[in-house]
Amino acid sequence: MVRSIKNPKKAKRKNKGSKKGGESSSSSLAEMPSLPTKVWQPGVDKIEEGEELQCDPSAYNSLHAFNIGWPCLSFDTLRDSLGLVRTVFPHAVYCVAGTQAEKASWNYIGIFKLSKISGKRRDLVPKFSADADGSDMDSDSSDDSDEDGEDEGNGGSGTPVLQLRKVAHEGCVNRIRAMTQNPHVCASWADTGLVQVWDFSSHLNALAESESEVSRGDTSTHNQAPLFKFGGHNDEGYAIDWSPLVTGRLISGDCKKFIHLWEPTSGGTWNIDTNPFVGHAASVEDLQWSPTEAHVFASCSVDGSIAIWDARLGKSPAASIKAHNADVNVISWNRLASCMLASGSDDGTFSIRDLRLLKDGDSVVAHFEYHKHPITSIEWSPHEASTLAVSSSDNQLTIWDLSLEKDEEEEAEFKAQTREQVNAPADLPPQLLFVHQGQKDLKELHWHAQIPGMLISTAADGFNALMPSNIESALPPAEA
């Protein structure tokens, strides 16, 4: 139930130059005595006084940080017409995000385009060759030195271009979601208790036509009326989801445990059933439509349960299960394997359930206790059925592949290929693919549906757009 961003402060633009390995730093590093290398575990190992963690750019195909002013608790990526599957740099993405400003009247919804996202595709297993002296050289870094030049310190990428348009929003935005079929139509949950639907087509068209960066300080805020607003919830809420199967169908859930179904009308408005779905004993935290059944959706609650609903069968859940020993903050329904539902809890655990096993009692097929602080976001990859990403209040974004199991022979072969001498801790789950850090108070993450391997995350200190280098895609490699 960790939701709000503590002490929101407006982000200032920072011009961070990439570290170019100047002579002073490289020579001092060369003179330092070599120490045994070990895996540093977040939440387990401590940082001593005077120490700091440094990002290894070679772990990413691309990594960028940016902000749109005030911190954002929620955002969504928008489907676009730039290509269904994009694998070649530079990339461009469109998003919407809602702010958590210091004063209610300062809030806005940001509609933005991040373009010229450059980077490079790295080998999953680094290649080594012997030089004349017989010493090992990493051919990946040497081959790419001319290609990346001075931008190597930023994951092989320069600074992307951010274009932003603002629409005034009364109160903080608890959550915002874009309609799958018509991404210019978005729904926002406000801390004022209003759910509003917006049409941002004019702003998206303006962003598409312009290639110049807009200074965030100079960007005017547009006063735009929503397409529709609903004040029938008796409290604020966070749960909201558009149907991926029925255009315009929406569900919203509030902190008073009530869920309302929105049905679109031919006149561009919505009929909302004032008789809510009731089945939880406390706040509804998240909602997810089934990817295959048009009338079926799932909900999770502070009461520790997950409920499965069929809107055709009345206002009570078709099934309800005790999912966690604490608040269930977030859920994600796998759109590539529709029997799988993931859930994240306030106690830091997350679980995977096979919904086909609900009748047998125990539907949990995987349970992880890696994170020690509340799970704030969880989402299945839109490109790999066994892969999901998780964010937590421990300031970690982790990526998992549930198809992996420990294989000592494969591990030994990998170490031989990479000259790796470091032994991973025995208690590190073999399904853990990647750990991303550097953001404070992580709140939400989303995969990009049209760029395999790209994730965007929001936190108190802004956004990150990242593409880990070890997220293997089933897609063929991009042509140079």
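Reader: Are Tyr370 and Trp400 buried or exposed?
Author: This is a predicted model, in which local features need pLDDT of at least 70 and side-chain atom pairs count only at pLDDT 80 or more, while totals for chains, interfaces and linings use all residues. Residues are numbered from 1 along each chain as its sequence is written, and side-chain values use heavy atoms, with hydrogens and water left out. Buried means under 20% relative accessible area, exposed over 50%, and partly exposed in between (1.4 Å probe, protein chains only). By this rule, both Tyr370 and Trp400 are buried.

Reader: What geometry do the rings of Trp262 and Trp270 have?
Author: Rings of Phe, Tyr and Trp (its six-membered ring) pair if their centres lie within 6.5 Å; planes under 30 degrees apart are stacked, over 60 edge-to-face, and the rest tilted. The count by this rule is 20 aromatic pairs. The centres of Trp262 and Trp270 are 6.5 Å apart and the planes stand at 75 degrees, so the pair is edge-to-face.

Reader: How many residues separate Tyr370 and Trp400 in the chain?
Author: Tyr370 and Trp400 form an edge-to-face aromatic pair, at 5.7 Å centre to centre and 75 degrees between the planes. Strands are DSSP runs (E, at least two residues), numbered from the N terminus. Tyr370 lies in the loop between β25 (364-368) and β26, and Trp400 in strand β28 (residues 397-401), so that the pair links distant parts of the chain, 30 residues apart.

Reader: How many disulfides does the structure hold?
Author: Cys300 is buried, with a relative accessible area of 0%, and Cys255 also counts as buried, at 19%. With a disulfide taken as a pair of cysteine sulfur atoms within 2.5 Å, the number held by the structure is zero.

Reader: Which rings are linked into a cluster with Phe228?
Author: Trp262 counts as buried at 0% relative accessibility, and Trp270 counts as buried at 9%. Ring pairs join Phe228 into a cluster with Phe230, Trp242, Trp262 and Trp270.

Notes
Helices (H or I, at least four residues) and strands (E, at least two) are DSSP runs, numbered from the N terminus.
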